Amino acid sequence: MESFCRKLPKIELHAHLNGSLSSSTLKKLGCIEESIDKYQTINTDLKEVFSVFKIAHEATNNMENLYEATRSVIEEFAEDNVVYLELRTTPRSEETMSLDQYIDTVIKAIQENESSKIMVKLILSLDRSKAKEEQARTLDVIIKYKNQYPNLIKGVDLSGDPAKGKFFNDLFVKARENGLRTAIHCAELKNDDEVLEILKFNPDRLGHGTFLHPNYGGSAEIWKLYLAQNIPVECCMTSNVICLSATSYDKHHVQEWIKEQLPFSIATDDKGVFKTTLSNEFQLLYDNFKCSHLKLWEICNNCIEYSFASNEEKTFLKLALDQWKTKNIKPEIK
Ligand SMILES: CNc1ncnc2c1ncn2[C@@H]1O[C@H](COP(=O)(O)O)[C@@H](O)[C@H]1O
Ligand SMILES: [Zn+2]
């Protein structure tokens with residue numbers, strides 16, 4: 001099974017650049033052993049985990065390192081047979097790098113390192129813990145870059161510590177009006193008022209969606225609205241278990257999406273911090289919910305539709321997955 005999950009051509013829709021740095025990449029960037037251990041600690045929770053991103057941010061605080069970090073992350077996803085990657089990152093300025101230079105560097109690394117094995121798109125994130133004015137300024141820069149690179153910059157994400165800040169509806173309305181798709185971290189913590197506000201905005205995708213389903217603390221009103229919108233949820237099992245927002249793998253809320261045939265993707269979130277791979281996330285689905293080969297393939301295949309790729313790119317990806325299926329999966333006898 002392990003080898004099936006590795007070979008499966010996979011679609012990654014939820015990966016944060018600075019949370020995806022492997023220990024070998026951090027080492028290359030000059031990080032000391034002690035910091036790498038701290039970055040990958042498993043004794044964490046949602047409150048603690050946000051402090052470890054500082055380690056990656058220090059390691060990528062100049063253009064040269066940011067380029068190398070982006071390059072390595074793409075290469076590692078490609079090695080894991082991820083054929084389509086939507087990488088997301090929060091543009092930031094540093095002493096030696098402006099906000100524009102941050103985005104330019106990530107774009108350059110994507111353009112120079114994309115191979116025939118992997119197609120990469122970029123989602124730029126707003127950090128919810130920042131003041132609204134700062135998020136609005138970042139959004140203006142994102143819109144400028146989206147107009148310059150419409151085939152590469154596909155969307156805006158809202159992420160950052162869910163215990164801090166809030167969702168500003170008008171910023172995301174502006175993003176949408178400017179042709180950006182929206183992927184919003186939602187219900188990573190229980191916060192019914194905000195969840196309702198986000199659902200009413202009707203984003204293209206939701207990150208985590210932990211406290212949506214009534215079996216997981218979602219209110220009847222939330223679930224009714226969610227079902228009416230039917231928004232794909234990006235499920236990150238290892239991330240949720242390590243951050244203690246899921247009690248165990250076999251109790252992860254993804255099972256409700258499987259049972260009720262609701263739209264979802266499987267994702268790594270921060271493969272560096274949580275020491276996982278997308279293949280491993282598929283293995284967890286198999287181990288805990290007994291998904292067949294065909295089911296795992298279907299989960300991947302559905303993600304093409306939930307992605308922000310163009311129609312032509314979706315057709316290309318579907319063809320590639322179909323061909324792989326014909327060669328590698330025996331039809332199920334019903
Ligand atoms: C664990 N669950 C999570 N919930 C919310 N936001 C998260 C996250 N994991 C990562 N990030 C967001 O991604 C940033 C790191 O990558 P970038 O600097 O953007 O490339 C973090 O600082 C946080 O804002
Ligand atoms: Zn995330």
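The protein has 15 helices and 8 strands. The model is predicted. Its pLDDT averages 96 across the protein, and 99% of the residues score at least 70. For the complex, the predictor gives an ipTM of 1.00 and a pTM of 0.98.

**Confidence by element**
- Helix H1, residues 2-7, has the lowest confidence in the protein, with a mean of 92.
- Strand E1, residues 10-16, has the highest, at 99.

**Overall dimensions**
- The radius of gyration is 19 Å; this agrees with a compact globule of 334 residues, because such a globule would come out near 20 Å.
- The C-alpha trace spans about 60 × 45 × 40 Å along its principal axes.
- Of the 334 residues, 44% are buried.

**Ligand 1 surroundings**
- The shell around ligand 1 holds 18 residues.
- The closest are Leu17, Asn18, Thr89, Thr90 and Ser159.
- Two elements give two or more residues each to this shell: helix H4 (46-59) and strand E3 (119-127).
- By class, the shell has 10 polar, 4 nonpolar and 4 charged residues.

- Strands E4 and E5 pair in the parallel sense, over 4 bridges.
- Here Leu158 stands opposite Ile184 of E5.
- Strand E5 (residues 181-186) also pairs with strand E6 (residues 205-208), again parallel and over 4 bridges.
- Ile184 stands opposite Leu206 in E6.
- His185 has Gly207 as its bridge partner in E6.
- E6 pairs in turn with strand E7 (residues 233-235), in the parallel sense over 2 bridges.
- Leu206 has Val233 as its bridge partner in E7.

- E4, helix H8 (residues 169-177) and E5 form a right-handed β-α-β unit.

**Burial of E5**
- Of the 6 residues in E5, 5 are buried, so the strand is largely enclosed by the rest of the structure.
- This is the strand that pairs with E4 and with E6.

**Two loop residues**
- Tyr149 sits in the loop between helix H7 (132-148) and strand E4 (153-159).
- Tyr149 counts as partly exposed because it has 15 C-beta neighbours inside 10 Å.
- Tyr149 and His293 lie 144 residues apart in sequence, and their C-alpha atoms are 37 Å apart in space.
- Glu114 is in the loop between helix H6 (99-113) and E3.
- Glu114 also counts as partly exposed, because 16 C-beta neighbours fall inside 10 Å.
- Glu114 and Glu75 are 39 residues apart along the chain, with 8.5 Å between their C-alpha atoms.

Notes: Residues numbered from 1 in each chain as written. Chains lettered and ligands numbered in written order. Predicted model: local features only at pLDDT ≥ 70, side-chain atom pairs only at ≥ 80, totals over all residues. Near = placed C-beta within 6 Å. Nonpolar A, V, L, I, M, F, W, Y, C, P; charged D, E, K, R; others polar. Pairing = 2+ DSSP bridges. pLDDT = per-residue confidence, 0-100. Rg over C-alpha atoms; globule rule 2.2 N^0.38 Å. Buried ≥ 20, exposed ≤ 12 C-beta atoms within 10 Å, placed from the backbone. Right-handed = clockwise from strand over helix to strand, strands pointing away.
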